[in-house]
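Here are my notes on the model you sent over. Have the structure open while you go through them.

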Amino acid sequence: MKELRIGLVGTGNIGRTHIERINQRLQGGRVIACADANFDFCKTVAEQYGLDAYQRGEDMISSNDIDAVIVATLDPFHEQYVRAAIQAGKYVFCEKPLAPEAEACKRIVEAEITGGKHLVQVGFMRRYDPGYRQLKGLLASGKYGLPLMLHCAHRNYDAPGFTTPMSVENSMIHEIDVLRWLLNENYATVEVVFPKSTRHAEGDLRDPQIMYLTTESGVRIDVESFVNCRYGYDIKCEIVCEEASLNLPEPPNAMIRTNDSRMTPICHDWSERFIDAYNIELQEWINFCKNGHLTGPNAWDGYVGQVTAKAASKARDTQSVVRIELESMPDFYKK
Ligand SMILES: NC(=O)C1=CN([C@@H]2O[C@H](COP(=O)(O)OP(=O)(O)OC[C@H]3O[C@@H](n4cnc5c(N)ncnc54)[C@H](O)[C@@H]3O)[C@@H](O)[C@H]2O)C=CC1
Ligand SMILES: O=C1[C@@H](O)[C@H](O)[C@@H](O)[C@H](O)[C@H]1O
């Protein structure tokens with residue numbers, strides 16, 4: 001295959017950044033078509049980037065002009081397009097979460113198994129972030145003893161329209177996935193507690209929230225989600241091991257001395273903070289689609305994430321510690 005011809009559904013914020021990175025920076029693939037429920041806007045995006053515009057995502061996905069699909073719509077609409085891609089036998093990269101509901105993720109898993117071919121990759125881009133990859137390498141080296149505790153924070157400058165469940169299902173789902181990948185084990189229990197809420201939280205939103213996870217081997221994790229922190233985009237991860245504390249590196253930035261102070265700028269949002277991770281994940285996805293072998297986060301990873309998120313929702317609503325019940329991984333997903 002010369003160039004992977006990609007159709008993208010969902011031309012919003014991240015959809016457009018994916019079009020730009022694939023068509024302007026990455027190799028071996030090209031977004032040639034797009035679709036969006038807001039068709040007028042979709043046409044303006046298509047015109048800007050020289051793409052074909054489709055009113056219905058399903059029509060684009062089944063078109064013979066398209067080899068592979070990217071789904072970047074709002075979370076509740078991922079399932080219908082991922083399943084349309086599986087039905088058409090096409091590789092599909094779905095932005096996280098695979099779907100907001102564990103049941104929807106399970107339907108995707110079942111459809112993929114029925115189709116008999118690995119087609120789905122989930123946009124858990126932190127697995128490609130050079131900093132998290134360093135942490136994974138340090139843990140694997142065995143030099144620092146076993147991990148015992150993790151202290152993490154996920155802070156967004158703001159999050160218009162966010163609801164209390166979204167802090168877990170849409171935001172902390174990144175930690176749920178990347179920490180499971182880092183530690184190479186599943187979770188056993190989850191609890192969610194609410195500190196005092198910020199005055200910047202809209203409507204009924206409880207913000208910040210703290211999620212406590214324990215893994216099957218007993219590693220204890222705390223993750224703070226603060227989606228209206230109002231100072232920037234800040235992602236922290238400290239892994240306390242038997243003989244060391246391993247810390248996620250921050251993107252480098254020059255320190256500025258000015259106005260009687262020292263200042264080091266930080267990122268404003270995810271698009272800046274994880275730019276390398278998005279580039280690496282999509283370049284690898286294009287390469288793997290072309291040689292017929294996906295290795296990134298799969299539909300089962302997406303499902304496990306949402307089973308954990310569902311347990312977290314129950315823990316939040318009941319203010320109790322909830323056991324995470326996970327069936328064993330189907331042979332189809334065993335590498
Ligand atoms: N990996 C990451 O770090 C990030 C992932 N995301 C994920 O990407 C997805 C999109 O997020 P944003 O671009 O920030 O949202 P957005 O609101 O900017 O864009 C969403 C787009 O989906 C379209 N849409 C809504 N319903 C649709 C439907 N039924 N069919 C077709 N199109 C539909 C909307 O018209 C809009 O253009 C979300 O699932 C979000 O969780 C978003 C930001 C960062
Ligand atoms: O995935 C993302 C957004 O959808 C989500 O809303 C943000 O909280 C995350 O920081 C970002 O990476």
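The points below run from the overall layout to local details.

1. Ground rules. This is a predicted model, in which local features need pLDDT of at least 70, side-chain atom pairs count only at pLDDT 80 or more, and totals for chains, interfaces and linings use all residues. Residues are numbered from 1 along each chain as its sequence is written, while chains are lettered from A and ligands numbered from 1 in the order in which they are written.

2. Domains. The protein chain splits into domain 1 (4-125 + 276-297) and domain 2 (127-268 + 305-323); the bounds come from an automatic or database domain assignment. Their C-alpha centres are 27 Å apart. Contact here means that the C-beta atoms of two residues, placed from the backbone, lie within 7 Å. On that basis, 16 residues of domain 1 touch 14 residues of domain 2. On the domain 1 side, H5 and helix H9 (275-291) each supply at least two residues, and H9 gives the largest share, four residues. By class, that side has eleven nonpolar, no polar and five charged residues. For the classes, Ala, Val, Leu, Ile, Met, Phe, Trp, Tyr, Cys and Pro count as nonpolar, Asp, Glu, Lys and Arg as charged, and the others, Gly among them, as polar.

3. Strand S5. Helices (H or I, at least four residues) and strands (E, at least two) are DSSP runs, numbered from the N terminus. How many residues of S5 are buried? Five of its five, where buried means that 20 or more other C-beta atoms lie within 10 Å of the residue's own, exposed means 12 or fewer, and partly exposed is in between, with C-beta atoms placed from the backbone. In a regular strand the side chains alternate between the two faces of the sheet. In S5 both faces are covered, with Tyr91, Phe93 and Glu95 buried on one side and Val92 and Cys94 on the other.

4. Neighbours of S5. Two strands count as paired if DSSP finds at least two bridges between them. S5 pairs in the parallel sense with strand S4 (residues 68-71) over four bridges, and Val71 has Cys94 as its bridge partner. S5 also pairs in the parallel sense with strand S6 (residues 120-123), again over four bridges; there Glu95 is partnered by Gly123. The chain goes from S5 through H5 to S6 in a right-handed β-α-β crossover. S4, helix H4 (residues 78-87) and S5 form a right-handed β-α-β unit as well. Right-handed means that, with the strands pointing away from the viewer, the path from the first strand over the helix to the second runs clockwise.

5. Ligand 1. Which residues come nearest to ligand 1? Of the 22 residues around it, they are Gly12, Asn13, Ala37, Phe77 and Glu95. A residue counts as near if its C-beta atom, placed from the backbone, lies within 6 Å of the molecule. Helix H1 (residues 13-24) gives the most to this shell, with three residues. The shell has eight nonpolar, ten polar and four charged residues.

6. Strand S8. S8 (residues 187-193) pairs in the antiparallel sense with S9 (residues 209-215) over six bridges, and with S15 (residues 322-323), also antiparallel, over two bridges.

7. Asp177. This residue is found in helix H7 (residues 164-183). Is Asp177 buried or exposed? Asp177 counts as buried because it has 23 C-beta neighbours inside 10 Å. Leaving aside neighbours within four places in sequence, Asp177 is in contact with Phe124, Pro297, Asp301 and Gly305. Asp177 and Phe124 are 53 residues apart in sequence, yet 7.1 Å apart in space, C-alpha to C-alpha.

8. Lys96 and Pro97 are joined by a cis peptide bond with omega about -15°, and Pro97 is found in the loop between S5 (91-95) and helix H5 (102-115). Asp207 and Pro208 are joined by another, with omega about 5°, and Pro208 is in the loop between S8 and S9. In the loop between S13 (256-258) and S14 (261-263), Asn259 has a positive phi of about 45° although it is not a glycine. Asp260, in the loop between S13 and S14, has a positive phi near 60°. Asn259 is exposed, with 6 other C-beta atoms within 10 Å, and Asp260 counts as exposed with 5 C-beta neighbours inside 10 Å.
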